[in-house]
Amino acid sequence: MADLLRIGLSGLIAFQRALATTGHNIANANTDGYSRQMTDLVARPPQGSGGGFAGNGVDVQSVRRLFDQFAVNNLRTANSNSGLAGSVATFAGQVDNIIGDPATGIASGLQDFFNAWQDVANNPGSTSTRQVLVGQAQTLASRFADASTRLDNVSTELNSRIRADVGQINNIATSLAKINDDIVNASGSFSGQPPNDLLDKRDALITQLSQLTNVSTTVENDGAVNVFIGNGQPLVLRNTALALSTVPNANDPSNLDVLYAGTGGTTVITPALTGGELGGFLKVRDQLLDPARDQLGLIAIGLAQTVNSQQASGLDLRGQLGSAFFSVAVPQVLPRSSNTGNATVAATVSNVSALTGDEYDLRYDGTNYSLRRVSDGSSVALSGVGTVVSPLVAEGISIVVSGANVAGNAFRIQPTRLGAQSLTAVISDPRGVAAAGAIRTSATVANAGGATISQGEVLDATNASLLTTATIQFVTATTYSVNGGAPIAYTSGGNIDVNGWRVQVTGAPAIGDTFVVQANTGGVGDNRNALLAAGIQTRGVLAGGTASLNDVFGGLVGTVGTRAQQANVNRDAQSAIASQALATVQSASGVNLDEEAANLLRWQQAYQAAAQTIVVAKTIFDTLIAAVRG
Amino acid sequence: MRVTTSLLRDVWLQALTDTQAQLARTQNQVSTGLKFSRPAENPVGAVQVLDLQRALSESSQYSRNADLATNRLGVEETTLASVGDVLQRLRELAVEANNATQTNETRAGIATEARQALDSLVQLANTKDGSGNYVFSGFSTQTQPFTRTGTTVTYAGDQGQRQIQIGASRTLADSDNGAAVFQAIANGNGVFTLQSAATNTGTGVLGQRTVTDPTQYDRGTYAINFTSPTTYEVRDAANALVTSGTFAPGQSTSVQTIAFRGIQFEISGAPATGDSFQVAASRNQDLFTSVQNFITALDSGASNPAGQASINNQIGNFLADVDQSINHVIDVRAQVGGRLNTLDAQKNINADVDIQSKSLLSDLQDLDYADALSRLNLQLTGLQASEKAFAQTQGLSLFNYI
């Protein structure tokens, strides 16, 4: 009887345990990262006798969690990808909103500005049309500045998100190191039984980490897990967490780098962080945000320089050559933080149509300078030596180095980064708009020949004699002199270039015919320069004369839009893959309440049956006692 | 595959979020009337929209430019028409004054009217447009182009001609400068001029002058000297004899033609021995000077037949000059008319571009409401069905039966 009682008791204990596990499962049905647990039962070793082996009841072998390591690894990879795609999509969407938002209005601002030039061309003498133009210039400049500020805010937000993610990674790493310790101690104390809930907690933390960055793991024999990030840099080794931190980029302090404090010293691991949310932040910053700021700056600089130089070729209402319309920052040069010596580098835009909107690194090896494009690492040909007389020139920028440079020094050159932000309309007096051409020409009314003179154009507005009156006189029908100088052979329609202007005389002049080129003083109704300025909108002023301001802006909208579209598609795809991976993990580890209800009934019934065994044992015993008494 | 309770909920939530996102997008489309509102939704379309919007803005700017040019050319056209009328009246006066029955007194009367005509011409030449800018001063639109000092009229404007952009690659002059309109007029018959010497004592009056062969006339200066009342010789600037001939003198009934080097002209009356007439190449002479010469001739008065002949010759010169002026003004008017036609044509082109761009823009970004609304209904129905299904599956649990 004792056997039956013991067998019944073993069942009661085992089924209580199983019921507890089921209850635990039900209680954790909604716990993140929880894996359902199962009670493994085994039959006790039988007791042998001459009559064969008699069963001894049941034992609880272990409580284990149902867990598919392969599925979980897949989920972590999918999480990294989805985290990356998600953060890229979020920020690409923000950049897209800023660039593509009609309210930002770069495109309509450009349009309004050049339309205002057309209106000035329609009535150059009117102060009111000029006032409108000055107003449009100010509006346009502030639109560029607004868009730039909004992009700068995105950059600031990216930096703070990077900082926050790094902080979170560090917290997770610390927790993981602690849990590793707990797990090793726990499984050591209970002869290798798995501490299921601790394991779940650790796995959940690693999965959470995989959302932030790409991670890989190895498991040690005692149950500790080592976690690696980036290119295999250990983040957690058993019970030690290695810390990440953020530092300003050595080349461009406005961007943050991630610093890894490994066992062999600290290194920047930013380029290795290609996955997860953090990887997404870095990617969107380097591949979308910074290029967008540079392109916007390129348009701003293109606008400012082209309009200013057109303005300088014309006369304003006061009869003076036009002064600058816009001011815009010179290229930004950032010395690398590790530079030594006192060398400083100044860059200017020497040829706006050759500007690319790229960033460059200028390096010095002790004798020579080399220039490298940051985006693709390609080297860019440099001419000149870097002095004021012979500056280093490449892709529209001209670089002057002063002070003593030291080998190994490097400078980050961002020709257009500050362009949009710094664009300001410096013109405030409407009379300052140079709508008139600088020179005008006239044929003397008494000329006997039939030759005519063109209206003339300004080739070099800086020529000191530009506005000096010049007389072209025909010494014979085939030669002319300028201001009584040496005779020059005449070709009908040929260019006559003097004092920075160019005119053409066409037709058959008579001897003694004269033509006068003079300053366009009083030419308040002249609109030639205004028409040329209005034409800047569609003229190819950038990309070597192949792209207009509108083209470049359209290109920017297209690029950003395409990137944002791709990012959205990626995010949707990756999030579907991550959901699928989660479903697979859940399929093994998730709690199904119906299943648990069935188990509950099963163990309840088994428990009742085991209890009944004890009742039967009691009854048998009672029967025996009664028989002996009787 | 084993389905778990939380997965069921997650899958449903995901589906619900997706459907709601689609619904929000459709709602946004319906409320804005646009197929897409961010470049990310259609990057290629967004760039095309930018281009089309620019094209639209430009074409409306060009139309505005063209309207302004039309106004200004309209002012110029009207002014030139009035100038033509005044010149025509002056021509009538000249024909009247040339009549042999005129006396010094009647000519003085004509001179009074001619003076008024000159006033009108100067006024017309100083016309301003609606914005207060001088029409005929070239670029110097704030400078009064023509000023009278005594008997001379001087031009203070310049020879600039303003162009207005009326199409993407089309500019058009919206004015003509005063020098081109009023000054660059060849005097005489446009090729040569005739003058009678002030010292002439005979009554030779110059008549019809024509160019028979333009290639032969070398733009030189020639003198026709009457060596006797019946003989003349033609000498060039170097005093070399070009030709000579005989002349049958008589009063206005007798008209004789002298021809040499591709030009010919008529002389009537009776030149005296030693009388001389000069041929010179035409030069530009402003029409105010021509009119002033006419007035001077009218005012000069004649006390003998020779004086009368001199007046007739001067008036004859003026008739040639005024014909040139009239033709010149007609030419300028024709150019202005041509430009007005071009403007009309260009306005039509701009309107076409406008319509085309608008239609392209509409195809590109305007929402097909029928499509969008049926999609909206579909999405709403889907959302409702999904919500219902969730509520029902959530109600299912084995625990209900325990």
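Start with β9, β10 and β11 of chain A, which form an open sheet of 3 strands in that order, paired antiparallel. Bear in mind as you look that this is a predicted model. The edges are β9 (244-248) and β11 (265-268) of chain A, each pairing on one side only. Direction ignored, neighbouring strands of this sheet are turned by 35° against each other on average.

Now zoom in on strand β10 (residues 256-262) of chain A: 4 bridges join β10(A) to β11(A), and the two run antiparallel. Pick A:Y260, and you'll find its bridge partner A:T267 in β11(A).

What lies across β9 and β10 of chain A? That's α4(A), running at about 155° to β9(A). Select the whole of helix α4, residues 127-189 of chain A. With 63 residues at 1.5 Å a residue, α4(A) should span 93 Å, and its end C-alpha atoms are 92 Å apart, so the two figures agree. Step just past α4(A) to A:S191, which takes a positive phi of about 40°.

Next, hop over to another open sheet, this one of 4 antiparallel strands in the order β5-β6-β7-β8 (chain A). Its edge strands are β5 (215-219) and β8 (240-241) of chain A, each with pairing on one side only. Show β5(A) together with strand β6 (residues 225-229) of chain A: they pair in the antiparallel sense over 5 bridges. Here A:S216 stands opposite A:F228 in β6(A).

Time for a helix pair. Select α2 (residues 69-100) and α9 (residues 549-589) of chain A, whose axes are 7 Å apart and which pack at an angle of about 155°. That angle is why α2(A) counts as roughly antiparallel to α9(A). Their crossing is left-handed. The residues of this contact divide into 21 nonpolar, 13 polar and 3 charged.

Last stop: bring in chain B. The contact between the chains takes 55 residues from chain A and 46 residues from chain B. Elements giving two or more residues to chain A's side include α2, α3 (106-122) and α10 (593-629) of chain A. Which element gives the most to the side of chain A that touches chain B? It's α9(A), with 14 residues. By class, that side of chain A has 20 nonpolar, 31 polar and 4 charged residues.

Conventions. Residues numbered from 1 in each chain as written. Chains lettered and ligands numbered in written order. Predicted model: local features only at pLDDT ≥ 70, side-chain atom pairs only at ≥ 80, totals over all residues. Expected span 1.5 Å × (residues − 1). Axes fitted to C-alpha atoms, helices over the stretch in contact; angles between N-to-C directions. Parallel < 35°, antiparallel > 145°, perpendicular 65-115°, else oblique. Left-handed = near helix turned anticlockwise from the far one by under 90°. Nonpolar A, V, L, I, M, F, W, Y, C, P; charged D, E, K, R; others polar. Contact = placed C-beta atoms within 7 Å. Pairing = 2+ DSSP bridges.
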